[in-house]
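Please look over the model shown here before reading on. The report is meant to be read with the structure open beside it.

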Amino acid sequence: MLDYTISRRSLLGGAGALGALALLQACAPAVSGGSSTKTVTAWGNHPEWQGVLEKLTGVFQESHSSTVVDWQFKPNATYQAAVNTALSGGQAPDVFGWLEGPSIRQGAADGLIMDLTGKIDVDNLIDPARAQVEFDGKVWGCPLGAYTVGVFYQRDVFDDNGIDIPTTWDELTEASEKIAATGLTPWAMPAKDMILPYFFTMLSTSSVLGSAGFEELLAGDRKFTDPDMVAGLQLMKDLQPYFNEGFEAQSYAEGKAAFAQGRAAMIIGGSADFAGYQETNPDVNVGVFGFPSPDGGQAVTTSGMDLNYTVWADSPNAEAAAEFIGWFVSEECQQIVADELSIPIRKGVAPLGDTETARIAREMVAAGEPNIPLLLDTIEGGGTLGAVAESSGIFSGGVTIEQLAEALQNSMTTS
Amino acid sequence: MSVGVATRRKRGTKQPTNFARAAVLFALPAVLVYGMFFILPVVQSFTLAFFEWSGLGPVGDFVGAGNFAKLATDDAFLAAIAHSFIILGVLVLITNTFSLALASLLNRPLRFRGLFRAIIVLPYVLSPLVVGFIWVLILSPDIGLLNPALEAIGLGALQHAWLADPAFALPWIAVALAWQWNGLATLIFLTGFQDVRQDLLEAARLDGAHEFQVFRQVIVPQLAPAFTIANVLAAIFALRAFDLVYVIGGPLGAPAGSTTVISTIIFGTAFGRTSFSSDINMAYAMTQGVAQFLLVGVIAVGMLLYFGRRERNVR
């Protein structure tokens with residue numbers, strides 16, 4: 001009879017070996033599907049884009065078979081918090097984005113992201129995109145898409161009531177009146193987080209400024225407190241009676257859903273929002289127009305970047321992650337972005353398909369000339385957004401339009 | 001015999017030392033975990049409050065008491081403290097009236113008493129996030145339950161966009177918090193009722209006291225420990241409220257900043273107040289956190305002293 005007794009030394013030795021194996025496993029880089037396949041983890045902030053992003057990564061993997069991209073999504077409202085926490089805890093994903101503005105510069109200065117100079121084809125990036133990711137003589141990341149903000153409207157409501165696309169502020173007010181007379185809510189203006197009121201103020205003041213005036217504003221020759229700019233801010237207050245009931249406590253997501261379901265006729269929206277409208281209501285029938293000027297001049301849109309994607313400085317899959325981000329600029333990637341997602345960031349790419357997303361993108365491009373950059377892009381600390389956010393009392397009367405104009409002007413610390 | 005006595009004496013003298021050593025050994029893992037995951041971060045938070053730090057990258061310059069000086073003149077933070085105290089007032093009021101009355105009712109031999117008790121406690125078991133969503137749904141002007149209910153009972157004129165009105169939003173948040181808190185408060189008082197001495201009740205009734213006198217003069221004094229626990233926990237619950245308030249009021253304390261509380265202000269300072277915001281200041285958030293810690297500590301200790309004295313007077 002065999003004796004299977006195990007000595008204490010053997011037992012401890014075995015346990016030690018198992019422990020060492022477990023430790024090695026824990027320390028090993030994230031590798032799956034065999035030793036040559038790298039899994040790159042990427043964090044996005046648009047869960048509604050999941051389908052298109054998976055299609056994009058499928059195309060990427062056709063030419064990069066050794067890389068698997070695992071998209072994970074954090075809600076936009078808590079995205080930056082999740083990234084900051086992950087970075088502070090040393091558990092960041094390989095690829096993550098920075099909200100447009102100066103935060104990416106802070107990340108680079110703090111050594112949190114990898115220098116991608118030579119890995120991103122910046123020559124083919126549109127200028128606003130390049131300005132976001134190229135600084136201090138280096139390239140630090142790449143956006144996947146841009147967004148343009150204009151006014152979405154229900155095509156059926158406008159057609160059925162004989163309402164033309166407004167070309168002046170007065171016509172915009174008249175259109176709101178006509179729609180209200182039908183019993184439908186003219187505007188969805190969710191203001192719980194003040195994002196849409198912010199975009200409204202940027203559009204209405206941009207419609208006063210035009211491109212030349214925007215440069216003057218940056219140079220300090222024009223001010224938010226100028227009478228014509230205050231009038232642009234006042235327009236939002238004048239249209240308040242046409243906003244949906246309870247808009248002050250409605251979240252951005254709820255407001256978008258209400259519009260997509262046809263419960264409001266107009267909403268300020270970005271090109272990226274259309275995918276969300278379709279998800280809420282596959283039969284959504286909307287169009288988009290540029291924000292009218294005060295007196296019938298050229299309508300305007302305003303643009304910004306979606307997340308500026310970067311590679312975590314301590315990523316165990318840095319090379320694969322950099323290749324993935326570098327691929328964003330490629331024509332094949334940007335054509336999918338243009339046709340199915342958002343505004344492309346590569347020069348010369350335009351939506352081609354006959355999809356609804358492509359139609360909206362074309363309307364956006366046509367609606368906005370001039371297409372003025374969001375001030376968020378150019379101001380240190382995202383000051384203008386903070387100024388509007390802190391002035392939410394404009395709707396209840398606690399803050400006057402003049403005080404909002406003052407706050408906006410005070411936030412203008414040019415970079 | 002003498003050897004046995006000596007052995008017992010020897011053991012007797014060593015026992016306390018061995019017991020103490022064993023106690024220390026048993027407590028050590030818990031103390032280490034507590035120290036590592038609570039004491040150390042708290043001390044670090046206190047330290048960071050004296051520096052500049054956005055939350056990313058290396059910690060910046062030492063600023064002394066600069067962050068605390070800023071706090072003293074920060075209107076938004078002071079308003080949030082005021083809002084938290086309004087919630088505290090509502091919770092203490094509800095605790096000492098509604099929850100007490102409910103516990104008294106549920107202490108009687110009712111049919112389905114167990115079921116009623118479970119229903120009352122249920123809100124406290126729910127996640128504050130879920131409770132927040134429930135109340136948003138109740139009060140929504142589009143799909144809410146309250147406005148149609150008012151209409152149905154002929155009070156349609158009272159219909160309102162409740163959460164969009166700065167005058168009503170915070171009171172409704174306090175009501176939602178009280179609705180959740182009431183579950184635990186009732187449970188605490190119910191536990192207190194179990195300790196009420198029946199002989200004193202019988203003696204009071206034999207002496208001719210009517211039910212309200214029995215309640216006020218005999219039962220309430222004996223509930224003193226329950227009052228202490230319920231009120232101190234209510235204060236902590238109110239001053240630390242976050243999830244539910246955030247769900248209803250959002251990061252900016254909508255509408256018009258009328259629903260900011262201490263915790264939502266701290267979150268906004270640490271992680272940005274809007275979904276597009278990159279304006280973060282972790283060191284200042286730590287300063288606000290330290291202020292909240294001290295505030296909760298002072299209030300809780302003050303209440304403990306006050307209610308403790310009442311308990312001693314009862315004895």
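The model is predicted, and the values given here are computed from it.

**The contact between the chains**

The contact between chain A and chain B draws on 39 residues from chain A and 28 residues from chain B. On the side of chain A that touches chain B, helix 3 (76-88), helix 4 (103-109) and helix 16 (383-389) of chain A each contribute at least two residues, and helix 3 of chain A provides the largest share, with 7 residues. Sorted by class, this side of chain A holds 16 nonpolar, 18 polar and 5 charged residues.

**A helix pair within chain B**

In chain B, the axes of helix 5 (residues 128-139) and helix 7 (residues 166-194) come within 10 Å and cross at roughly 130°. An angle over 145 degrees would count as roughly antiparallel and one from 65 to 115 as roughly perpendicular, and helix 5 of chain B and helix 7 of chain B are therefore oblique to each other. The crossing of helix 5 of chain B and helix 7 of chain B is right-handed. Helix 5 of chain B makes the contact through B:P128, B:V131, B:G132, B:W135 and B:L139, while helix 7 of chain B takes part with B:W172, B:A176 and B:Q180. By class, the contact of these two helices of chain B has 6 nonpolar and 2 polar residues, and no charged residues.

**Backbone details in loops of chain B**

The loop between helix 11 (243-249) and helix 12 (262-271) of chain B contains B:P255, and a cis peptide bond with omega of about -5° joins B:A254 and B:P255. B:A256 also lies in the loop between helix 11 and helix 12 of chain B, and has a positive phi, near 55°, although this residue is something other than glycine. Another positive phi in a residue that is not a glycine, about 60°, belongs to B:F112, which is placed in the loop between helix 3 (75-106) and helix 4 (113-125) of chain B.

The table sets out the surroundings of these two residues.

| Residue | C-beta neighbours inside 10 Å | Class |
|---|---|---|
| B:F112 | 9 neighbours | exposed |
| B:A256 | 22 neighbours | buried |

Because a residue is buried if 20 or more other C-beta atoms lie within 10 Å of its own, and exposed if 12 or fewer do, B:A256 with 22 neighbours counts as buried, whereas B:F112 with 9 neighbours counts as exposed.

Key. Residues are numbered from 1 along each chain as its sequence is written. Chains are lettered from A and ligands numbered from 1 in the order in which they are written. This is a predicted model: local features need pLDDT of at least 70, side-chain atom pairs count only at pLDDT 80 or more; totals for chains, interfaces and linings use all residues. Two residues are in contact if their C-beta atoms, placed from the backbone, lie within 7 Å. Helices (H or I, at least four residues) and strands (E, at least two) are DSSP runs, numbered from the N terminus. Ala, Val, Leu, Ile, Met, Phe, Trp, Tyr, Cys and Pro count as nonpolar, Asp, Glu, Lys and Arg as charged, and the others, Gly among them, as polar. Axes are lines fitted to C-alpha atoms, for helices over the stretch in contact, and angles run from 0 to 180 degrees between N-to-C directions. Angles under 35 degrees count as roughly parallel, over 145 as roughly antiparallel, 65 to 115 as roughly perpendicular and the rest as oblique. A crossing is left-handed if the near helix is turned anticlockwise from the far one by less than a right angle, and right-handed if clockwise.
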